[in-house]
Amino acid sequence: MTVNRRPSGTHHGDLRNALEQAALALVTERGPHGFTLAEACRRAGVSVSAPYKHFADRDALLVSLALKGYQEQQRRYRAALASSTDPAEQLAAFASAYVRFAAEERALFDITFLAGLDKGRHPELAAAGSALHDDLMPVTSRVTADPDAAFDLLVRVSAAAHGLALFLQQDMLPGAWNTLATVEAQAARTARDLVGHATETTSTGGRHVHRDR
């Protein structure tokens with residue numbers, strides 16, 4: 001997903017998009033904590049007072065981008081889930097798509113997960129995260145009818161994909177294993193293994209860790 005670039009030499013009629021594009025570039029260079037709103041203004045070629053019609057502060061700008069990140073994740077994950085009717089393969093495709101999103105949309109990934117945005121202050125972020133949960137829970141619920149076990153499976157698959165995505169980003173895997181295709185495949189295999197374990201646990205009446213209610 002890309003934020004539309006403003007054609008050079010035109011009036012900043014699309015100030016919001018110009019600031020978002022500038023912020024994405026700065027996050028790519030310095031991370032989500034490495035710039036100020038004033039720097040985003042300078043990168044966008046506008047005065048430092050210009051953004052306040054759209055963004056009260058730097059966090060508001062990052063929230064706008066985080067929401068775009070959630071939207072792009074939802075688009076990708078829904079496409080992944082639509083690739084199969086088998087829940088194990090659906091979760092494998094989701095895990096692979098998670099890793100690819102992190103690699104292809106590094107700035108959006110970092111903003112969404114590493115910027116430390118306050119979901120109490122910005123409840124729209126919590127709502128966006130819940131929308132992803134709502135898409136995925138019906139899949140894990142086909143593996144196990146126990147809602148707690150289904151949630152536990154979703155957390156395990158997501159956590160494994162997230163960890164592998166970070167390993168790839170930070171070059172923590174050796175040589176030939178540190179490629180996007182290899183890590184995508186590892187995430188998919190891990191998801192299948194976790195589904196297999198959950199299926200065995202369900203069939204033998206095993207216990208799962210329960211969510212706090």
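A residue counts as buried under 20% relative accessible area, as exposed over 50% and as partly exposed in between, with a 1.4 Å probe and protein chains only. By this definition Glu-72, at 5% relative accessibility, is buried. The model is predicted: local features need pLDDT of at least 70, side-chain atom pairs count only at pLDDT 80 or more, and totals for chains, interfaces and linings use all residues. Residues are numbered from 1 along each chain as its sequence is written, and side-chain values use heavy atoms, with hydrogens and water left out.

**Helix 1**

- Helix 1 covers residues 15-30; helices here are DSSP runs (H or I, at least four residues), numbered from the N terminus.
- The 16 residues of helix 1 should span 22 Å at 1.5 Å a residue, and the 22 Å between its end C-alpha atoms agrees with this; the expected span is 1.5 Å times one less than the number of residues.
- Among the buried residues of helix 1 are Leu-15, Asn-17, Glu-20, Gln-21, Leu-26 and Val-27.
- The buried residues of helix 1 pack against helix 2 (37-44), helix 3 (58-81) and helix 5 (106-114), where contact means heavy atoms within 4.5 Å.
- Gly-31 follows helix 1 and has a positive phi, near 90°.

**Helix 4 against helix 5**

- Helix 4 (residues 87-104) packs on helix 5 at an angle of about 105°, and the two axes are 5 Å apart. Axes are lines fitted to C-alpha atoms, for helices over the stretch in contact, and angles run from 0 to 180 degrees between N-to-C directions.
- Helix 4 and helix 5 are therefore roughly perpendicular to each other, a term that applies to angles of 65 to 115 degrees.
- Helix 4 contributes Tyr-98, Phe-101, Ala-102, Ala-103 and Glu-104 to the contact, and helix 5 contributes Arg-106, Leu-108, Phe-109 and Phe-113.
- These contact residues comprise 7 nonpolar, no polar and 2 charged.

**Leu-91 in helix 4**

- Leu-91 lies in helix 4 and is buried, with a relative accessible area of 0%.
- Leaving aside residues up to four places away in sequence, Leu-91 touches Val-139, Thr-140, Leu-153, Val-157, Ala-191 and Val-195.
- Leu-91 and Ala-187 are separated by 96 residues in sequence, and their C-alpha atoms are 9.6 Å apart in space.

**Salt bridges**

- The structure holds 16 salt bridges, each a side-chain nitrogen of Lys or Arg within 4 Å of a carboxyl oxygen of Asp or Glu.
- Arg-75 pairs with Glu-72, the closest N and O atoms being 2.7 Å apart. The two are 3 residues apart in helix 3 and so are separated by about one helical turn. Arg-75 is exposed, with a relative accessible area of 51%.
- Glu-89 and Arg-192 form a salt bridge at 2.8 Å, N to O. This pair links distant parts of the chain, with Glu-89 in helix 4 and Arg-192 in helix 8 (residues 180-203), 103 residues apart. Glu-89 is partly exposed at 30%, and Arg-192 is partly exposed at 35%.
- Arg-156 and Asp-152 meet in a salt bridge at 2.7 Å, N to O. They lie 4 residues apart in helix 7 (residues 147-169), separated by about one helical turn. Arg-156 is partly exposed at 39% relative accessibility, whereas Asp-152 is buried at 13%.
- Salt bridges that share partners join Glu-72, Arg-75, Arg-76, Arg-100, Glu-104 and Glu-184 into one network.

Notes
Angles under 35 degrees count as roughly parallel, over 145 as roughly antiparallel, 65 to 115 as roughly perpendicular and the rest as oblique. Ala, Val, Leu, Ile, Met, Phe, Trp, Tyr, Cys and Pro count as nonpolar, Asp, Glu, Lys and Arg as charged, and the others, Gly among them, as polar.
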